[in-house]
Amino acid sequence: MKVPQALINSLQNIQGFNESTFIKAHENEVPPISIRINPFKNSEIFSDAEPIVWSNYGKYLANRSDFSLNPLYHAGTFFVQEASSMYLEQVLKSTVDLSQDLKVLDLCAAPGGTSTLIASLITPDSLLICNDVIQTRSNHLSDNLTKWGTMNTIVTNNDPKDFMRLFGFFDVLLIDAPSSSSGLFRKDPNILKEWSDVNVNSWALKQKKMISDAWSSLKQGGILIYSTSSYSKEENEEIVDWIESTFNAEHLTAKNTDILGGEIISEGSFRLFPDQVKGEGFFITAFKKKSSEKEVFIRSGKPIKNNNRRTEREILRHWIKDIDDHTWFEKDGEYFLVNPAHEHAINLITFNFNLRKVGTKIGKLSNKDLIPDHELAMSIFLSEKINKVEVSPEEANKYLRRDDFVLEEVVKGWSLITFKGFGLGWAKILPNRINNYYPKELRISTKEA
Ligand SMILES: C[S@@+](CC[C@H](N)C(=O)[O-])C[C@H]1O[C@@H](n2cnc3c(N)ncnc32)[C@H](O)[C@@H]1O
């Protein structure tokens with residue numbers, strides 16, 4: 001793979017750039033394969049795999065197995081993510097007190113690498129809003145957060161400027177910006193075909209626009225983390241200079257370099273090059289907001305409706321762990337489980353944003369019973385008391401394809417289909433057949449196990 005000469009020329013004075021090893025890494029080396037374990041669903045599937053030193057849960061895999069055919073992938077026990085981008089964990093740990101309850105906005109979140117990483121590090125009472133402006137991508141993001149199983153997340157499909165309505169709301173704003181993506185040339189050669197310095201400049205303009213649009217949603221003292229998969233300084237160091245000159249922001253000089261060495265620091269930001277770390281090209285930096293935003297009145301929706309709570313609570317007790325610690329609301333006949341600490345925030349966001357997912361959708365109540373939703377099957381709050389049917393790899397594959405299959409000696413009624421103990425989805429077991437409730441839109445199509 002030949003890196004464009006214009007890009008090589010533009011990188012000459014950047015700290016850590018080494019032309020010959022950089023070219024060699026692009027000509028001869030294949031990108032490593034990496035995943036991140038879900039700490040809430042620890043299947044120990046990759047316990048012997050090589051760890052990624054800058055990530056608590058990241059691992060390199062020796063072989064490219066087809067993730068989509070692994071039932072544990074569909075159970076949400078791991079997420080496939082590029083290794084360098086997991087450096088976000090170090091930046092979060094060095095700039096944010098993660099033991100506090102935080103409100104976090106992941107502005108450019110699809111398909112969910114950064115969101116599932118943040119969800120793994122924040123407290124249960126923290127609230128994470130995961131947004132993507134592209135509708136199809138926000139749906140995919142929502143599916144991936146459903147698999148992760150946490151409840152303290154909301155998925156929105158909004159333009160960054162819509163977040164201006166939430167003045168001074170967030171403690172942390174992550175902008176993992178779309179970019180010219182030169183850092184991903186090795187993973188996707190099509191990016192290289194489309195790369196040009198004109199495109200670099202047009203991405204830089206878009207990045208400035210989304211930062212300007214979202215800046216007011218960050219509270220005073222809040223942390224902005226900005227990252228790209230681009231090598232170009234127009235999208236990185238020049239954006240840092242622009243943020244410092246445009247907003248009342250303090251650039252937080254990169255710390256915690258012990259893991260990778262000082263070479264990865266460029267003008268106070270982290271730059272990961274593929275010839276120096278086992279990962280792709282990545283830039284990440286952080287700021288503290290010094291100015292305050294004027295609090296404005298934000299219109300809120302109707303308070304969350306909780307009719308007939310006692311009866312509902314008794315039905316839900318069978319399905320949900322520690323139901324007394326949670327609350328729920330009903331919308332159009334569907335029930336959603338949420339953390340009571342988030343009721344106010346959810347009211348605000350429900351009213352002002354295009355929602356794709358709120359808390360955990362539990363399902364519909366009908367004749368004093370629940371028709372459980374797929375989100376509940378994936379939830380880490382699902383009760384241990386529900387019926388489960390453990391399946392073999394072949395049966396798991398049939399289930400995920402929504403094919404018919406037969407099970408011996410099973411209890412009638414709703415059952416969670418599990419693989420190695422991890423939930424894949426619901427089935428309703430009737431006297432003469434099994435109804436497969438795996439969502440149609442998620443079913444896998446390949447025939448081979
Ligand atoms: C680098 S990717 C984000 C990757 C994600 N953080 C992850 O770790 O999986 C950038 C995302 O920004 C979204 N995007 C593109 N234009 C945008 C805009 N104007 N505002 C917000 N998001 C945008 C894209 O749909 C894309 O999903």
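View 1. Glu 44 counts as exposed because it has 9 C-beta neighbours inside 10 Å. The structure is a predicted model, in which local features need pLDDT of at least 70 and side-chain atom pairs count only at pLDDT 80 or more, while totals for chains, interfaces and linings use all residues. Residues are numbered from 1 along each chain as its sequence is written. Glu 44 lies in the loop between strand 1 (33-37) and strand 2 (50-51). Helices (H or I, at least four residues) and strands (E, at least two) are DSSP runs, numbered from the N terminus. Glu 44 is not a glycine, yet its phi is positive, about 60°. Most residues other than glycine have a negative phi, and most peptide bonds are trans.

**View 2. Ser 181, a buried residue with a positive phi.** Ser 181 is placed in the loop between strand 8 and helix 7 (189-194). Its phi is about 60°, a positive value in a residue that is not a glycine. Ser 181 counts as buried because it has 23 C-beta neighbours inside 10 Å.

View 3. The ligand is surrounded by 18 residues, and the closest are Cys 108, Ala 110, Gly 113, Thr 114 and Asp 176. A residue is taken as near a molecule if its C-beta atom, placed from the backbone, lies within 6 Å of it. Helix 5 (113-121) and helix 8 (197-215) each supply at least two residues of this shell. Sorted by class, the shell holds 10 nonpolar, four polar and four charged residues. Ala, Val, Leu, Ile, Met, Phe, Trp, Tyr, Cys and Pro count as nonpolar, Asp, Glu, Lys and Arg as charged, and the others, Gly among them, as polar. The peptide bond from Ala 110 to Pro 111 is cis, with omega near 5°. Pro 111 lies in the loop between strand 5 (103-106) and helix 5.

**View 4. The packing of helix 8 and helix 9.** Helix 8 and helix 9 (residues 237-246) have axes 11 Å apart, at an angle of about 35°. Axes are lines fitted to C-alpha atoms, for helices over the stretch in contact, and angles run from 0 to 180 degrees between N-to-C directions. The contact involves Ala 204, Gln 207, Lys 208 and Ile 211 of helix 8, with Glu 238, Ile 239, Trp 242 and Ile 243 of helix 9. Two residues are in contact if their C-beta atoms, placed from the backbone, lie within 7 Å. The residues of this contact comprise five nonpolar, one polar and two charged.

**View 5. Strand 9 and its partner strands.** Strand 9 is largely enclosed by the rest of the structure, because nine of its 11 residues are buried. Strand 9 pairs with strand 8 (residues 170-176) in the parallel sense over six bridges, and Val 172 stands opposite Ile 223 in strand 9. Two strands pair if DSSP finds at least two bridges between them. Strand 9 and strand 13 (residues 282-289) run antiparallel and are joined by six bridges; Thr 228 has Phe 283 of strand 13 as its bridge partner.

**View 6. Leu 224 within strand 9.** Leu 224 is found in strand 9 (residues 218-228) and counts as buried because it has 26 C-beta neighbours inside 10 Å. Its C-alpha atom is separated by 4.8 Å from that of Leu 173, 51 residues apart along the chain. Apart from neighbours within four places in sequence, Leu 224 is in contact with Leu 173, Leu 218, Ala 249, Ala 286, Phe 287 and Lys 289.

View 7. Strand 14 and strand 15 form a hairpin with two residues between them, and Asp 332 in the turn has a positive phi of about 50°. Five bridges join strand 14 to strand 15, where Phe 329 stands opposite Phe 336 in strand 15. Strand 15 (residues 334-338) is joined to strand 17 (residues 360-366) by four bridges.

Note on methods: A residue is buried if 20 or more other C-beta atoms lie within 10 Å of its own, exposed if 12 or fewer, and partly exposed in between; C-beta atoms are placed from the backbone.
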